[in-house]
Amino acid sequence: MAIIESAVPSHPVGPLLRHMGRNRAITLCCLFLIVLVLLAIFAPVVAGDPLKIDPAHRLSSPEAGAIWGRDHLGRDVFARAVYGTRVSLLVGFSVAILTTVFGVAIGVYAGLSRIGGAIVMRLTDAMMAIPAILLAIAFASILNAGLLTVIIAIAIPEIPRMVRLVRSVVLGVRSQPHVTAAISIGTSGLALIWRHILPGTMGPVLVQATYACASAIIASAVLSFLGVGISPEVPSWGGMMADARSTFRVQPVLMLYPGVLLSLLVLAVNILGDRLSDTLDPRKSRRTSL
Amino acid sequence: MLTYLAGRIASAVPIVLLVAIFIFSLVNLTPGDPAVLLAGDNATPAQVEVIRERLHLDQPLPTRFVVWAGNALRLDLGESIYSNQPVTKLIAQRLEPTFVLAIATLILTVVIAVPLGVIAAWKVNTWIDRGIMAFAVLSFSVPVFVIGYLLAYVFAVQLKWLPVQGYVPLADGILATLRSVALPAMALALVFAALIARVTRASMLEVLSENHIRTARAKGLSTRRILVIHALKNAGVPVITVIGIGFATLIGGVVVTESVFNIPGIGRLTVDAITRRDYPVVQGVILFFSVLLILINIAVDMSYALFDPRVKG
């Protein structure tokens, strides 16, 4: 038993954290994310009222009360940008978590059950044949606008990708000696999955969850931008850009602030994902050059 | 080759059927009565009843699906509730701008991405490689509508080189058309190129470490010849695969870009139909895009045989 225990691959979290601490790009991305999370939590302390309409100061330049100026309804752009952090982060993290939970559960099942696996594969084929953003737009518009709707609408097209990834990893892990050994000594189903199969999938799942988070943040902005996301009242970066369209030629900065914030957030998450995948796949770092 | 093609098409049939079921249930299992919704606030019960009958909403769901799918097979996707025009006609009318935009994007993407990927692989682990990869992550992270507005501001509002918005049909001269799709195609291509450049680099690195490359170098062939003739041709399969997979992203991007640049294509048709809750059009357009995507992926599979003689199926 002890021999089999030691053959189980250790969770990659320990060395991963040590590696990440040494990397400047990762430190920078994490710092940026932490700042955004803090801004989202303490939005009422940092910024003024994002909903207050002040028609007298429409499209006004930066001033003491509104350091990034005011939009076409005279609302404080800085306050809206700070509150907009909440929607992006909430959608990004929730979609990553939902995708991981459902993707891993269905993927492990598909990897272990022969018939179930075939059915799941055909279903994911079909779902992935529908362009993700169209599926999300259709879901969001049909289910009526709301934060939860947006999260579900974006998560559903993301799940098949995770399912296929997890299944392919499980198929690989299943044939490894430590798993066949565990099966042969009669390890029960759940213990087998928990102790021997899940640890092997963790690395790729973590990377995929990071990418899902990044694409969910973009997707939620797209939905708000097209006017099918959460209510336009609620401050969101995509919604701010949609508002800025009408005044784009006169006040392009109104488009710039949310656009740059959105891009930086997605960039930070993507870089984290890239570094994670480099760390977990050491093959990539030692390649010969021409 | 032909049997392989036939096999691929046969295996696509159940997928298309599943997609059709998905789309149909998505639109029809929605909470609320579509007939009431469509009739508007001031409709009399009689008017609601007329709409219900016209859309066969009084029939059971499976019956309605069989009717819809049967008609779809005969290229009849029903009529728009908003404009009363056949959905296939609406799609056909708006095919040109979307098609031109997609082709222009694809050409731009390959022209930008493949050389960048090859150079990055050739100069791997130098500042050139890191620079190209940083550019790739950056343009992959900036949402297409942000890039779109940025380009529109610089090249249309400030420099006035290109039109800010709109589309000029091919019938009015190809140059004018190209000018009108230049900015949207550029915005889309930047996002798409990031993906392709990364895969080209990875795939080239894989090939460059193989024995035949070492042989070619030992023979004293020029670097350019090795890169293009010996490496790129072998690195082609994964690149083409990703171009195929990327089509899904491209279609999503087209929907957004058409809204940014006010291009009257299928993307705009979709967004307008969704905001108007014009369900027959929504169903029709999503089915159209999905079938298109499946066909493209079959074409991608077929192209493997051209690059890799081992693939015969």
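Arg122(A) is partly exposed, with a relative accessible area of 41%, where buried denotes under 20% relative accessible area, exposed over 50% and partly exposed the range in between (1.4 Å probe, protein chains only). The model is predicted, so that local features need pLDDT of at least 70 and side-chain atom pairs count only at pLDDT 80 or more, whereas totals for chains, interfaces and linings use all residues. Residues are numbered from 1 along each chain as its sequence is written, chains are lettered from A and ligands numbered from 1 in the order in which they are written, and side-chain values use heavy atoms, with hydrogens and water left out.

Over all chains, six salt bridges were found (a side-chain nitrogen of Lys or Arg within 4 Å of a carboxyl oxygen of Asp or Glu). In one of them, Arg122(A) pairs with Asp125(A) at an N to O distance of 3.0 Å. Both residues belong to helix H6 (residues 114–129) of chain A and stand three residues apart, about one turn of the helix; helices (H or I, at least four residues) and strands (E, at least two) are DSSP runs numbered from the N terminus. Asp125(A) also forms a salt bridge with Arg164(A), with the closest N and O atoms 2.9 Å apart. Because Arg164(A) lies in helix H8 (residues 147–174) of chain A and Asp125(A) in helix H6 of chain A, this pair ties together parts that are 39 residues apart in sequence. Arg164(A) is partly exposed, at 28% relative accessible area.

In chain B, a salt bridge joins the side chains of Arg201(B) and Asp129(B) (2.7 Å, N to O). Arg201(B) is located in helix H9 (residues 174–208) of chain B and Asp129(B) in helix H7 (residues 127–141) of chain B, so the pair ties together parts 72 residues apart in sequence. Arg201(B) is buried, with a relative accessible area of 18%, and Asp129(B) is likewise buried, with a value of 2%.

The domain assignment of chain B, with bounds from an automatic or database assignment, gives domain 1 (2–73) and domain 2 (95–276). The centres of these domains of chain B, taken over C-alpha atoms, are separated by 36 Å. Thr98(B) is placed in helix H6 (residues 95–122) of chain B and is buried, with a relative accessible area of 9%. The side chain of Thr98(B) reaches the backbone nitrogen of Ile266(B) at 2.7 Å, and a polar atom of that side chain lies 3.5 Å from the backbone oxygen of Arg94(B). Not counting residues up to four places away in sequence, Thr98(B) touches Val254(B), Glu258(B), Gly265(B), Ile266(B) and Gly267(B), contact meaning heavy atoms within 4.5 Å.

Between the chains, the contact takes 51 residues from chain B and 45 residues from chain A. About 4,200 Å² is buried between chain B and chain A, of which carbon and sulfur atoms give 77%; buried area is the accessible area (1.4 Å probe) that two parts lose on being put together, summed over both. In chain B, Leu26(B), Phe145(B) and Tyr149(B) lose the most area to chain A, together 15% of what that side buries. One salt bridge is counted between chain B and chain A. Asp274(A) and Arg198(B) form a salt bridge, their closest N and O atoms being 2.9 Å apart.

Conventions
Polar contact = N/O pair within 3.5 Å; in protein donor to acceptor, adjacent residues only side chain to side chain.
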